[in-house]
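Grab a pencil and let's work through a couple of exercises together. Try each task yourself before you peek at the solution.

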Amino acid sequence: RNNRFLNNLGARTKKLDFWNGQSDSPLFIDNTHICATFWVRSMMNEWAGNVAAGSEVQGFWLEMKDKKSDQQSETSFRDNVMHSNNEQGLTTYRPGWQPINGGVLLNSKVYKNKFDGMKF
């Protein structure tokens, strides 16, 4: 909470060799070895100017413990780039992130991802 993740480059993130049990998503158990360059557990942090490029699976994975949690502010997730990831640029897992007051992914650039740019 109240951390700042600014101007980071994450590139060529590799799949796990084994399931490590960190996900809260029931669907994850059937999808072993998933990886994400940035695994976001709280939108009460600032995520700005980060690049997730070339992951074997996802660039950003939004998986909040509290699925109804709001963002820190409307500009706390901004100017992030997700490109050339082998599956999605950004994903959430059902029921996904459902903030009470809506969510804003400001000025996100998403391109050249194999399956989906953003999957909710």
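A nonpolar core is a set of buried Ala, Val, Leu, Ile, Met, Phe, Trp, Tyr and Cys residues joined through side-chain atoms within 4.5 Å; buried means under 20% relative accessible area, exposed over 50%, and partly exposed in between (1.4 Å probe, protein chains only). Keep in mind that this is a predicted model, where local features need pLDDT of at least 70, side-chain atom pairs count only at pLDDT 80 or more, and totals for chains, interfaces and linings use all residues. Residues are numbered from 1 along each chain as its sequence is written, and side-chain values use heavy atoms, with hydrogens and water left out.

**Exercise 1.** Find out which residues make up the largest nonpolar core.

*Solution.* 
Step 1: the core has twelve residues, namely F38, V40, M43, W47, A52, F60, L62, M64, F77, M82, L90 and W97.

**Exercise 2.** Work out which residues the salt bridges join into one network with E46.

*Solution.* 
Step 1: a salt bridge puts a side-chain nitrogen of Lys or Arg within 4 Å of a carboxyl oxygen of Asp or Glu.
Step 2: E46 pairs with R4, with the closest N and O atoms 2.8 Å apart. E46 sits in strand β4 and R4 in strand β1, so this pair ties together parts 42 residues apart in sequence.
Step 3: R78 also bridges to E46, again with closest N and O atoms 2.8 Å apart.
Step 4: through shared partners, R4, E46 and R78 form one network.
Step 5: E46 is buried at 12% relative accessibility, while R4 is exposed at 58%.

Note on methods. Helices (H or I, at least four residues) and strands (E, at least two) are DSSP runs, numbered from the N terminus.
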